[in-house]
Structure formats: structure tokens, C-alpha cells
Amino acid sequence: MNEPLKIFSGTANPQLAEEICAHIGGGLGEVEISTFTNEDIFVQVRENVRERDVFVVQPIQTPTSIVELLLLLDSLRSASASRITAVIPYYSYARSDKKDMPRISIAARLLADVIVTAGANRILTMTLHSPQVHGFFSVPCDHLAATPTLCDYFASSLDLSNFVALAADAGSAKRAGAYAQRLDIPLAFVDKRRVSDLTVEVRNVVGEVKGKNVIIFDDEIAAAGSLAETVKAIRRFDVGEIYAAATHGVFSGPAPERIREMDVKEVVVTNTVHVPPDKRDDKITVLSVAPLFAEAIKRIHTGESVSALFS
């Protein structure tokens, strides 16, 4: 690509988009986004993007953020951008990746189809809840991980000699294993069952945690019910200090109150989702993944390897 790349942002997380621009050099592309009284959303790209390589930064976390992303993609396609990459730091519908109940939609696949139909030629995302969602996109998809960011933080701030990495459930053991390997600490996992949308039941812990400090790793913290039950459960095993880490700090519903009340030393997340001040607590640490996204965007633009970021 001979022309400089352009980065645009919706309203879901402009702070992250601005940080990405700061690492790359240059500012955000000019776009007008407004809402009519009937809640229809209006999007207009306010600068020339003809034959340009453009990137749209917008996590999917609300119905509004989905509509904004689709309208931005369609506007850029109509404006004759040469290539459009949808940068989706948080893809919330990734949990809906299979038909495990009758008469439901596989929403992760549906949204992938709609995003491509709207104009995305490429996808850049981070820590999908289910790895198979990567394959739902019919265009190239680069799947980043926050592992380097989170591990570097813990390695620099803690003495890890008596720590164990704990997967929030058996399905997360492979992901937590990557953290354990990078930090060079043992791995354990929790055997749990989901009772309702907000409640889970922890049955056992597989692995040696007694007398150990624990870091609970998960892909996201939403209502924090699973995290709260996990913390309570492992306390029965006479563990030391408890930390929690996740890529996406959604903190929906009762999450902020639950985190304030739970027996954890620190909860570490990244800024894939904007965490407003009213949801933050002294226990919560938010790390920036802007450098990772900035480097990935530069490599996509110049045709270099993205996977080399993790070698």
C-alpha cells in the first residue's frame, strides 16, 4: 500500500482508537455519527478515502455499536476505499457459537456474515470466546491475544515463585495454559456448571492450589458471577492471595459491586472494552492493548506477518 492508512472509530471505544493512532502516528479519520429522535443512527465519512487502506475500530458490545460498525463499513465501501479492515477488539456474540438448544440463532455466525456483507474485507479481533468463531468469517481474520500484555504485567509486578494459574473452567484450560507456560507457573482448572445466566456452581478444583497464590484467567468478566463463585470455591482449598485476569472487562449488571465485595487482591483487564469511571474500583487495573493493535495494523497495511507478534 503506497497511500498512508486511515483509521476511523465508532463511539464504543474511541479512547482505544486514539491510543492506536498515537502509536502509529497521525490522528483519527473524520466521521460524523449522530442519532435521530427515532433512534436511527446517521453516519457520514467526512474525508476522502478513495483507494485508501482503512481500518474501523469498534468493539461489539451493544446494539448501537453493531449498527454503527455496519454503517461505517458500508459508508467506506460506498466511498471506494480499496480495503476495509474491521478492527473488533471485543466480539460479544462469540459465546453464541453453536446450536445447543432448539430454535435459536447461532449469532456469532450471523454477525460474521452481516459484517462481511456490510463491506469488511478483513477482520482483526482479540481473544474470541470460542476459537471456532474465527472460522465463521469468510474473509481473512487475524486473531490477537492479550497474553503478552497480561503476562508482562504480572511478571513485572509479582514474585511468581509460589503462584499457580487457574482456568475458570475446563474449556478455558488451553487458554490458561498459554498464560501458565509464558509465566512458567503450574496450571489448575475449576470444574463448574452454569445454573443460570448470572449464577454458576463450582464443584471441584483439579490441580494443586493449597498454599499457593492464584491467578484466575478467563477470556472476559461480564456479570462476574462465575468469578465470584470461583473465588469462594478455591478459598476452601486454603489458597493464599487471589488475583484475576481477563482480556475483556465488560463489567455488566452487578459486576462492579461483586468485585468490590469479593476476596481478590486485584482484577486485571485490558481496554478492549471501555471501562467508565463509575465501574472502576481500587481493585481493578486496566491495561492498554493499543500497542498490540497498532503493530498488527501496521503489519496488515505493509503485508508483514501478524503471527510473528507472538513468536
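**Figure 1. Thr127 is a buried residue, with a relative accessible area of 9%.** The model shown here and in the views below is predicted; local features require pLDDT of at least 70 and side-chain atom pairs pLDDT 80 or more, whereas totals for chains, interfaces and linings use all residues. Residues are numbered from 1 along each chain as its sequence is written, and side-chain values use heavy atoms, with hydrogens and water left out. Buried denotes under 20% relative accessible area, exposed over 50%, and partly exposed the range in between (1.4 Å probe, protein chains only). Thr127 is placed in the loop between β6 (122–126) and β7 (141–144); helices (H or I, at least four residues) and strands (E, at least two) are DSSP runs numbered from the N terminus. The side chain of Thr127 is joined to that of Thr247 by a polar contact of 3.1 Å (a pair of N or O atoms within 3.5 Å; within protein, one must be able to donate a hydrogen and the other to accept it, and residues adjacent in sequence count only through side-chain atoms on both sides). Apart from neighbours within four places in sequence, Thr127 is in contact with His143, Leu144, Ala145, Ala146, Arg175, Asp219, Thr247 and His248, where contact means heavy atoms within 4.5 Å.

**Figure 2. The largest cavity is lined by residues that include Thr127, Asp219 and His248.** The structure holds one cavity of 30 Å³ or more, and the space in the largest cavity is about 30 Å³. A cavity is a set of points on a 1 Å grid over the protein atoms alone where a 1.4 Å probe fits but cannot get out, and its lining residues have an atom within 4 Å of a point; points are joined across faces, edges and corners, and the volume is the space filled by probe spheres set on them. Tyr90, Tyr91, Ala94, Met126, His129 and Glu220 also belong to the lining.

**Figure 3. Tyr179 and Phe217 form a stacked aromatic pair, one view among the seven aromatic pairs of the structure.** Rings of Phe, Tyr and Trp (its six-membered ring) pair if their centres lie within 6.5 Å, and planes under 30 degrees apart count as stacked, over 60 as edge-to-face and the rest as tilted. In another of the pairs, Phe36 and Phe42, the ring centres are 6.2 Å apart and the planes stand at 70 degrees, so this pair is edge-to-face. Both of its members are partly exposed: Phe36 has a relative accessible area of 48% and Phe42 one of 29%. In the stacked pair, the rings of Tyr179 and Phe217 are 4.2 Å apart from centre to centre, with 10 degrees between the planes. Tyr179 belongs to helix α5 (residues 173–183) and Phe217 to strand β11 (residues 213–221), so the pair ties together parts that lie 38 residues apart in sequence. Tyr179 and Phe217 are both buried, and they belong to one aromatic cluster together with Tyr153, Phe154, Phe163 and Tyr243.

**Figure 4. Arg103 and Phe251 are shown for their positive phi values.** Most residues other than glycine have a negative phi. Phi of Arg103 is near 60 degrees, and that of Phe251 is about 50 degrees. Arg103 sits in the loop between β5 (83–88) and α3 (107–118), whereas Phe251 sits in the loop between β12 (242–249) and α7 (255–261). Arg103 is exposed, at a relative accessible area of 75%; Phe251 is buried, at 0%.

**Figure 5. Leu69 and Leu70 are located in helix α2.** Helix α2 spans residues 63–78, and Leu69 is placed within it. Leu69 counts as buried, at 1% relative accessibility. Leaving out residues up to four places away in sequence, Leu69 touches Val56, Gln58, Ile60, Ala86, Ile88 and Ile115. Leu69 and Ile88 are 19 residues apart in sequence, and their C-alpha atoms are 9.2 Å apart in space. With the same exclusion of sequence neighbours, Leu70 touches Val114, Ile115 and Ala118. From C-alpha to C-alpha, Leu70 and Asp100 are 28 Å apart, at a sequence separation of 30 residues.

Figure 6. Ala118 is buried, with a relative accessible area of 10%. Ala118 and Ser75 are 43 residues apart in sequence, with 8.9 Å in space between their C-alpha atoms.

Key: 1 Å grid on protein atoms, 1.4 Å probe; cavity = no way out; pocket = protein on both sides within 12 Å on 5 of 7 lines; lining within 4 Å.
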